[in-house]
Structures are given as C-alpha cells and as structure tokens.
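Please open the model in your viewer and keep the selection panel at hand. The tour below moves from one selection to the next and says what is there at each stop.

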Amino acid sequence: MPKLTVDGKEVEVPGGTNLIEAARKAGVEVPHYCYHPGLSIAGQCRLCMVDLEKAPRPTIACNTTATEGMVVLTETDRVRETRKSIMEFHLINHPLDCPVCDQAGECWLQIYYMKHGLYDPRMTDEKVHKPKAVPLGPHVMLDAERCILCSRCVRFCDEITATGELGIFERGDHSEIGLFPGRALDNPYSGNVVDICPVGALTDRDFRFQVRVWYLDSAKSVCPGCARGCNIDVHVNRRRPHHAEGRRVARLKPRFNEAVNRWWLCDAGRYGFTFVDDQDRLLVPTRREGETVSDATWDDAIVALAATFRRSPPDEIGIIASPKMANEDLFALRRLLDNLALRRVAFRVPPRVAGDQDNFLIRADKNPNSLGAELVGLGGDSRAVLEAARARRLRCLVIFGHDLLASEWPEAEVREALGAVETVIFVGSNAHATSAAAHWVLPAAAWVERDGTYTNFEGRVQRFRPAVEPLGQALAEWEIVGRLLAALGVDSTATRPEHWFRQLVAAVPAFAGLSYQALGDGGRLLPGAVRA
Amino acid sequence: MTAEKILTRSFERPDSHTLDGYRASGGYQAWPKAQAMEPAAIVEEVKAANLRGLGGAGFPTGTKWSFIPKNHAGPVYLVINADEGEPGTFKDRYLLERDPHALIEGMLIAARAIRSATGFVYIRGEYVEPWRRFSAAVRDAYAAGYLGRGFDIVVHRGAGAYICGEETGLISSLEGKKGWPKLKPPFPAIKGAFGAPTIVNNVETICHVPHIINRGAAWFAGLGTKTQGGTRMYSVSGRVARPGVYEESVAITLRQLIYERAGGVTGNGRLKAVVPGGSSAAILTAAEIDVTMDVDGLRNAGTMAGSAGVIVMDETVSIPEALMVVARFYAHESCGQCTPCRESTGWIYKITHRIVEGRGRRADLDTILDVARRGAGTTICAFYDGAVGPYISYIEKFRSEFEALTEAAVAAAPRRVVVSHA
C-alpha cells in the first residue's frame, strides 16, 4: 500500500492504483476525458496531466502508477497552462453547437472549459466537417463533429461487451468514430456508450430533444427489469412537462455499485420504463359488473373487498402475488394471509417466453424480487391456485400485476379459471387482458412513484426511492393491503414502507439486522447470503 | 578524405543482392564468429562500438538490447523497422534492394544477442522492389541454412502510414491493429509485439552489426566521434548537383557533405537552408552548416541527426511554402490518437496554407509558434515533437519571409467596416 501526497494531502492507496484514482481518494479531481475506471487505459486525451516532483514535465495521471513517497501536484502553473492548451486543442474542430446539443448541461467540454479553459479562441479557419445525426443502432445517435475521439465507446464495445462494432476510422483531424462495415451498434448494452461519452457525440435516440437536462430531477433507484437489480438514477421531468408531451420519466441512468452493476445497465432495463407513463396506466379503482365498468372510490373498493374476504372461507381465496412487488408489499400481504389463514398463495407465473440471460448483468428471471417473495413465504404452487379456480373451488382470486393471459399457461384454461371465480380482484399499475377480466381493479403505483426495497438474486436488499407522484389515485401495494387489513379489523400501524420493512426484519430471520439506514444507497446482502 | 565504404561497399556489384554476391564480398563470415560468442558478449561488443540507432532517435543499440529481461521464459522478438517514411530519407531502400543479406546476417547476430527465435521485418508498403529483393534473399537464406535453424524471419508489408515507422505504432500495425503508438510504460523491451519483449531496430543499424563482429568494436568506434561509432548513409536531396545516398563517417560536416560529396547547390545557386535529418529535424540556415553530422553534434546545433535525410534548399525555395508542405505532411500523417497532435497539425496546416495563399494575418505566426510550443511534449509518441521542429525553426529562422506574406495580405485586405449591432 504505497503512501503518496497529492497537493499536500497524504493518501494511502492499494498497489497498482493510478494517479487519477489516488487523487480522487485524496479528494482531488484530475480532469480527464478518455480515462474511465471500467475500461483499459488509452492515455490519448492528454488532459489528465499532473506534475510529479522533480519530473522534467507534466505527465498523464491515468497511466502513472502511484508509488511510495510520490509527490503529485495537480495545480502548478505548468499543469494549469497545459490543461488550458489541451482544452483549446479539444475544441479546435468542435462545432460549439451547444444550443442544439442534448449533452449541453452535462457536457465535459462545457464543464472543463469553464473550469480549466477560459482562453480566447484563436481558431478562425474552417473547421473539419464530419457526419452528423448518424444512427449507429436502435438506441444511439452519432454526431462525429462533436466527438473528441476519446475512444471510450470503442473500448466499451471491445472490452465490456466484446462485440467490437465500433472503430476509429481515418487519420489525424479527419479521424472519426464509426461502425465496421455491415455492423450496427445493437448489442444488449449499447446504451452505455451514451453514458460514457463525455461529450455530445453519442446521444440517446429515446432521450434526444425531449427535455433539457437542467430541468431534470433525479432519484436513486433500482432497475426492476430482472433479478440483478442494477442500481440506477431515475431522471424525471417535472419542471417542463410540456417539453415531453407529459412523459415524466425522461431516462434511466446506471448508478455505480461495485457489487452489482458497476457503471453499467442493459438496454432492456434502460428503456424498460415506458409503462410508467403509458396510456394503459390504471388511475382509479374500478368495478366491473358484466360489461359495465364503473369508477369507484378507494373507500368503497376496500369495504367491498373486505366484505368479500370476510364471507369467503380461507380455502376459497386464492392469491397470486408478484415478484415485482417490493419486500414491504409482500410482507404486508403476508400479514393479511396470516390473519385470514389463507393457504392458496403463490407468486411465480411462468412467462410465455423464457427470459434471456448472459454472463454479465442480464438474468433470465425478469422480476426484481423473486428471492424476496420466496423469503417472505409466498412461494406456493401458482398452477395449483389456477387449477383450484378452474375447479370452481375459489370464490375470490386476487392477482397482483400478472397478465395470466400472456403467460405460459394456456389462454383457454386461464379464461376458464377467471370465469369460474365469483370475485376476481386485480391489483396493478397497467391494464391488460387479465385486468380487463377482473371484477375489481385497483391501481397500483409504479416503482418510480414510491419507496421500497427489492432483494436481488444474490440476496442483496436494495432501496428504491420515489421520483414522481403516483399517477391518478394509484397507491403502493403495501398501502392497498394495509387499508384492507384495517378494514378487516387487523391492527396496522404501518403508514410508511419503512414500518413494514421493520416488521419484516423482526418477523423473517433471513432479513435479521437490516434497516433502511443500513441499506444506504448500495444495499446490503442478507446476513445468510453468499454472493454467487 | 572519403570514409571507407562499409554498408555500401558492394553497392556497385550487379549481383550484390544475391547470396553469392554477398558471400563474394565477405558476407556471412560474422555469423559463425557470433555463434561462438555468448549473447552477452555480443551485446557488450555492440555497446563498445558506440553503435547508435540510425532510424531517427539515435539511441545506443547495445544498451537497447540489454533492456530485454534476463532469463525471460517466453518468446522474444526482433523487429526490423523498414518502414522508411521520413521525408527526405531513402537509405534503407538501397540496403534492402542492394544488400538484403547484410540485414539477414545482422538479424541473425542481433537475435542471438537478445535470444530471439523470430524476427519480423516491417517493410513500407510502397517499397515494392525492396520487398521483392528482401523476400528473395530470405528464401535463399533459408535454402542455404542460415535461417530456419533456430531463427526465422517473417516479412510484413505495411500499408503506407508514416506513423507505422514509429516503434510502437509499428508494433500495433504488426499485431494487426490500427497503427497507433502505444503508451509507455511498458516499453517494448519489456512488453512489445504480441505482449512479448521486443527490440525494434532500423535496417541500417542492424546492417552494421556483422561488420562490428568481423572487425571489432574498437575499429567501428574509431570511425566516428567519441559518442557515436561508424559511418552512416546520408540521403541527400533537394537543390544539389548530385542527389543520392552517401556513406560517410558520422564525423563529417554538413558543409562537406553538401559541397564535397553532393556537388554543391544546383547550378551554382546560393544555399538558403538545410534540413539535416529528415523533415522532423529543425532547419539550419546557410550559415549553420559547419556542424558535424553525428547525433550529439546536431543536437548541440539545436536540430537532430534523425534519419540523416539531408534536404537542401537554395534561394529559389520559399520557406513559407516549404513549411506549408511539411505541415500538410504532418496533418495528413498524424494518427489522430492524441488530441494535441490530431487537432493542431491540421490547424497549423490551415494557417500556413492561408499565409501562402495571401490571406495571412499578423497574429498567425505567433499563433503557430505558441500552439507548437504548447503541444510539444504532451503526446504519446514523438510524432508531434517532430512536427514542432519545422514549425518553430522555419518561422524563427526565416520570420521575415513569412512576415512579407502576412503584411502584404494585411495591406491588400479590404478595410473592414465595423457596424454597430446596438
């Protein structure tokens, strides 16, 4: 563990640490473009120059390993002048089209020019022109003129996905990023190149021109797209709703978590949020009698459902919970089951098409909380619940989220089952064929509209936080279940998800010792979990 | 005095490129001697000979060889840089065409010194005839049993990028990648071609090795100066009566080379300037040519020996135009990897072009000088520093020529009317 000083601050770092990371540890930011901690060292932007004591000239920090006793200076006159020069070089052929560039506001050319540049431009000759608005694949758009050729995107495709779609073609100031002939940037992680592009060269085709980034708000969250539980930031546009036709969730960005997803996020997860602002969102409780669907108040709905539960023998109530529900929801439900002594409970519904999986982030289980549902004790035989309904042994069936009619189960058998139950209750965020067949439909808040935790496949419990208000009258499932519990006369003092989490921790040994505070931003492994 | 011809001794023989011709002029006699020597003894001999790299950097060859890690278990590669691309340089072409077996014998000895079983010869793509001649010589050397018994040679043709003559750019290209120079450290002697310890030497450098083994380090060292032994081949081009390749001691002066060997300036014209070591070397004025041509002599004169490509300019040459041509070359050949070089070579070319076209501005010259100085020493390889040599020296030494153009342009430009936008 070499000890060195950076701008007079002593810091000890693991052997092999480069000077950008060593400085970071000392609280000193060394500006850089091509360096990325998840990629190989390219050393080509030349911005991360620092002075080493007794060295004849500044050297790049990214390719210099910290050694014992090293004295690193990041703010000498020489280093400042070099940075200023390198900034001028980066901007010589840059189109300076910030007013129409999506990156504006989060562009490292803008940030570093203001911090380290501030020279008077001297370039008065015609700039080099290159292709603009070139779609590289389904998600990524290239503006080659804005590109500073840091090669991060190329290295990402070479080193992380090993798909090698991108290269740098031509030479000198005519160099440009491009696709190899016959290729498209369509690997399952292509959106990451937009995140790591420090400038406006690679922009997100979905996000482009939606909203200026300085109008975005952000909330820490977890991707619900599969059992990995990648850490994300949810960026929402609440301040300029008219800029994106009412679309509130603007984009998802990966949030670094060393133990889960590091810097990355798959495209399926990144672009999988559209259901949140979709037209098919359920907004108010509804009741269907025959073909007639009418709105109801929550109070009416809860009273009616409590009555149904009261008059149905426990054996005639079936519950199909969802592995997309949070631990808090599932534990509230568990409380309901225990009080009513319900036994026909399950949460797994087989998908019609098996999920894809790779050896990087993507898991075949497309649910964020299967392990949580299992640990809370809801892991019954869902097919048996369906069969009980078909056999007319159920009076009431509660379905959370699932579209049973789009599952692996034969559609005719599901229709038969739904038709054979007196009261089908659907709780979920979006309408589909199964919700249309229910007698009661209760609108649930989407994950970005509420607090909660998921337990990923490795047993890591992670928090997600609200980014926007629930649409319409939608409520989190824990609250829906909580109101039902109250209506059934069960004492429930849980008015926040954290209350349910505390009860869960107290009741389920697997969660022992956890708390929201302990989970923090990066989550915690269950005490008994062994990382896969 | 004219130095003894060593590298070029058999150039006049019509069969100098054949195995028989090479043997007849004393070839393949050093190799058996070297085989009787310990590798370390060969390295010591070359060190003692003061042989310095003749591709451009002038690094002591024996010292370079000694950087190969001792007792390295995996392969070690010897790579010959035959990507001769420095403007004004054409000596390696002659060696490949007229004495290819000298390179093969030198490689055998060098490979023994660094314990390498495989050598690569990276030949500039445009060098078709040198490639044919060298490839034929390799085939003959295999047939004669010099190659294939513990040492093999792979001939690789480049595709025409100047940067592939840069040591690590060459290695990248050899590995099948874009010819981008690599970050150092690690240096090639530790981690070079295909991740193995690698020595990259210039053709001419290695062609000297058999003679050092044959005639001894002391003899070789005695041919040159205190810090550089031997002769070297000067490519003399431009406005001289007899352009061509001249083998001379490194102790010769530039004046002797131009006036006593190359026949002086064409048509008895007046000498204006000389580039002594390929286009990347700083230019010298006519008053600065009494300088010895060894690495240290030229370094002390503020320029460099480089590849010994001597470009002679007389009074008919416009220095601003010459700089524009050089700037165009560097803008065209910058590999584009490092930002300072990629962006400013193109920018400086545009400025020089504008000046030559009569659209120069007063600030242009200081802009070029400032940009060149700011970018110098900030890049992965020496390419940009090579471009900075001419940028700065042409303007500093011939500033009045540039100013004549910019002042004329300023005088001719229509007066700007400033319109208030208020």
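A residue counts as buried if 20 or more other C-beta atoms lie within 10 Å of its own, as exposed if 12 or fewer do, and as partly exposed in between. Please keep in mind throughout that this is a predicted model.

With that cut-off in hand, select B:Tyr28, which sits in the loop between helix 1 (19-24) and helix 2 (30-35) of chain B. Is this residue buried or partly exposed? Because 18 other C-beta atoms lie within 10 Å, B:Tyr28 is partly exposed.

Go on to B:Asn71, which belongs to the loop between helix 4 (61-65) and strand 1 (77-82) of chain B. Here too phi is positive in a residue other than glycine, with a value near 60°.

Next, select B:Lys184, B:Pro185 and B:Pro186 and display the backbone. The peptide bond that joins B:Lys184 and B:Pro185 is cis, with omega at about -5°, and the bond that joins B:Pro185 and B:Pro186 is also cis, with omega at about 0°. As for their location, B:Pro185 is placed in the loop between helix 8 (167-174) and strand 4 (198-202) of chain B, and B:Pro186 lies in the loop between helix 8 and strand 4 of chain B as well.

Now bring both chains into view and turn to the contact between them, in which 27 residues of chain B meet 25 residues of chain A. On the side of chain B that touches chain A, at least two residues each are supplied by helix 13 (319-333), helix 14 (339-356) and helix 15 (364-375) of chain B. Which helix of chain B gives the most to this side? It is helix 14 of chain B, with eleven residues. Colouring this side of chain B by class gives eight nonpolar, 13 polar and six charged residues.

Finally, colour chain A by its domain assignment, which gives domain 1 (3-91), domain 2 (98-104 + 123-277) and domain 3 (286-525). The centres of domain 1 and domain 2 of chain A, taken over C-alpha atoms, are separated by 27 Å. Their contact takes ten residues from domain 1 of chain A and eleven residues from domain 2 of chain A. On the side of domain 1 of chain A that touches domain 2 of chain A, the classes are five nonpolar, five polar and no charged residues.

How values were computed
Residues numbered from 1 in each chain as written. Chains lettered and ligands numbered in written order. Predicted model: local features only at pLDDT ≥ 70, side-chain atom pairs only at ≥ 80, totals over all residues. Domains from an automatic or database assignment. Contact = placed C-beta atoms within 7 Å. Nonpolar A, V, L, I, M, F, W, Y, C, P; charged D, E, K, R; others polar. Helix = DSSP H or I, 4+ residues; strand = E, 2+ residues; numbered from the N terminus.
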